[in-house]
Amino acid sequence: MGLQWWCSAQATPWSWSWRPYPGVWLFVIVLAVAFVLLARGSGDAGRRRGWAMAGLLTLWLALDWPIGALGGGYLASVHMLQYLLIALLAPALLLLGVPDIAWARLGESRALRVFRLITHPLVTLAVFQVVLVWTHLPAVVDSLMATQSGSFLIDVLWLTAGLLFWWPVIAPVPDRERFGPPLKMGYLFLATVLNTLPYAFLTFGETSYYGIFELAPPVGRISARQDQQIAGLLMKVGGGIILWTAITILWFRWYNRDAAAGDQPVAPPTS
Amino acid sequence: MIQLRWARLAAAVIATVVVASAAGCNVEPQERRDAEIRARETGWRGIVLENPPKKPSFVLEAADGRPFDFRAETDGYTTFLFFGYTSCPDVCPVHMASLAAVRRDLPVELQRSMKVVFVTTDPERDTPERIHSWLANFDPDFVGLTGSKAVVDSIQLSLGLPPSIYEDPDENGFYIVGHASQVLAFSPDGSIRVIYPFGTRQSDWIHDIPKLAAAAD
C-alpha cells in the first residue's frame, strides 16, 4: 500500500501502527504561516496567538492519524467527531485567533462589501446547514470518502462552512450593530435545532446508511448500525455542547455588559 | 492590492467548491450501481444464477463436534453458505456482521427460516472451538463447519468456487488465506441460488431475503 497524502477509506484492516499523512501537515503548516503573516505588525499577537494555536491544533488532531484515518473509512462515529472538530470547534478558535490588525485591514478593504453579503447571518446559517446535510448524505459520503481528493473536499467544505457559520458571532468585521448578543444567541440556538434532522436520520435509521463504514474492515466489535447511532448522538450532544457553551458565554458577556452599564452614575439633570 | 488578494482567495474557494461538488454529485460506487441495475432488471439485488447446480450434499464437522449434513440440515431453510476463516481481517467479519445485523432486523418467522453456514478454509488454525467462539461474536445461531482442506476445496470446486490458497507466513507465523469472497444463498427448496459478492449492503440482503424465503411457496 502506497503513501497516502490525505486520510480516506482503505480496504485494508485497521492497524494502530502510525501512518504519515503529509498533505495534512502541509495544510496545517500553510494555515499557520497565514496566521503568522496576518499577525505581522500586530500589537495583540500574544493574546490572539493562543486561540489560533488551539484552532490549528484542533484541526491537526482531527485530520491526522489516528482520528483522521479512523474517520476516513472505518468508523462513522469518528467521522462525526471529525465533523465536530473541523466544522464547529476549530473555526471558532481560528476566528478568535485572527489578530485585530487583520480585522482592521479587512475593514478598510473594498472587499468588505462582498464579505458583508456572504457573512450575513441568514446566508451563513443556510450555507452551514446545506453543507452539513449534503456532506452527510450517504451517496455523497460513499463516493467522496473513497478517494483522497474527495475526502479532502469534505474536510475543506466543513472548515469553510464552519468559518462562515461563526463569522457573524465572532468576527468584528463587518460591523453589524443590530446583530447583538440576543440575536447571536438565537442564531446559535437555531443551529442546535436545525441539526436535529440529520441527528434523527442517523440515530433512528432502520439500517446502516454508509457503505463505506458498513463494509469497512471492522474495528472492535461495534456493529455498523451501533456505530451510526453513536455518530448521530455525537452530532446532537457534541454539537449541542459546543453551541450551548457559546450561547452561555454570550449570555454572561451580555449580562455583565448590561450590569456594568447599570453601575454607571446617572448624570444629574441640567436645567 | 488587498482587495485583489481577497478577490483571488474568494475565486479560488468558489472554484474548488464548484469543481469538487460537480465531481461528488456524479460519482456513485460501482457496486451500488450494479446492484441497482440488477434490481431493476431482475428484481434481485444479488446475482441470480440461471441454471444453478443442485444444492450440494456434503457432511462436515460442526463446531459442537457432531457431523453436519449440509443438504439435510438446511432443507426447508433459506440458507447462506460462506467459505472463509476466522483470522480473516476484512471480508469474512464484514459478511458475518452484515448477515447477523440483517437477521436481527428480520421478522421472527424469517429469522427462524434462515440458516447461515460458515465453512472454514483454514482448518489448521480454525478449531471447532475457535469457530464457535468467533461466530458467537456475530450470531450464536450461525453454524460453523470444518473439514480437511482437500474436502473443503472439493466442495468449493463443486460450487464453481476456486479452492483456497495459503500465502507465505510472515515473521510471526501469520498467513493470509485467499478464498472466494461471495456468499451463496439458496431458497428453502434449493431451487434458486443467488450470489452475493463482497460489497453487498445490508439493505440488499433485507431486500432479497423475503423473496428467497418465498421461493419455496
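Strand E9 (residues 183-186) of chain B pairs with E10(B) in the antiparallel sense, over 4 bridges. Two strands count as paired here if DSSP finds at least two bridges between them. Within this pair, Leu184(B) stands opposite Ile195(B) in E10(B). E9(B) and E10(B) form a hairpin with 6 residues between them, and Gly190(B) in the turn has a positive phi of about 75 degrees. Most residues other than glycine have a negative phi, and most peptide bonds are trans.

A word on what you are looking at: this is a predicted model, in which local features need pLDDT of at least 70 and side-chain atom pairs count only at pLDDT 80 or more, while totals for chains, interfaces and linings use all residues. Residues are numbered from 1 along each chain as its sequence is written, and chains are lettered from A and ligands numbered from 1 in the order in which they are written. Helices (H or I, at least four residues) and strands (E, at least two) are DSSP runs, numbered from the N terminus.

**The sheet of chain B**

| Strand pair | Bridges | Facing residues |
|---|---|---|
| E1 (residues 47-48) and E10 (residues 193-196) of chain B | 2 bridges | Val48(B) and Val194(B) |
| E9 (residues 183-186) and E10 of chain B | 4 bridges | Leu184(B) and Ile195(B) |

**The helices of chain A**

Chain A has 13 helices and 0 strands. Its C-alpha trace spans about 85 × 40 × 30 Å along its principal axes. Of its 271 residues, 41% count as buried, that is, with 20 or more other C-beta atoms within 10 Å of their own, the C-beta atoms being placed from the backbone.

Now follow one helix pair. Helix H7 (residues 121-134) of chain A packs against H9(A) at an angle of about 150 degrees, their axes 8 Å apart. Axes are lines fitted to C-alpha atoms, for helices over the stretch in contact, and angles run from 0 to 180 degrees between N-to-C directions. H7(A) and H9(A) are therefore roughly antiparallel to each other, a term used for angles over 145 degrees. Among the residues that meet are Phe128(A) and Val131(A) from H7(A), and Leu157(A) and Trp158(A) from H9(A). The contact comprises 12 nonpolar residues, 1 polar and no charged; Ala, Val, Leu, Ile, Met, Phe, Trp, Tyr, Cys and Pro count as nonpolar, Asp, Glu, Lys and Arg as charged, and the others, Gly among them, as polar.

Two prolines of chain A follow cis peptide bonds. The bond from Trp65(A) to Pro66(A) is cis, with omega near 5 degrees, and Pro66(A) sits in the loop between helix H2 (45-63) and helix H3 (67-73). Val173(A) and Pro174(A) are also joined by a cis bond, with omega about -5 degrees; Pro174(A) lies in the loop between helix H9 (148-170) and helix H10 (181-194).

Key: Parallel < 35°, antiparallel > 145°, perpendicular 65-115°, else oblique. Contact = placed C-beta atoms within 7 Å. Buried ≥ 20, exposed ≤ 12 C-beta atoms within 10 Å, placed from the backbone.
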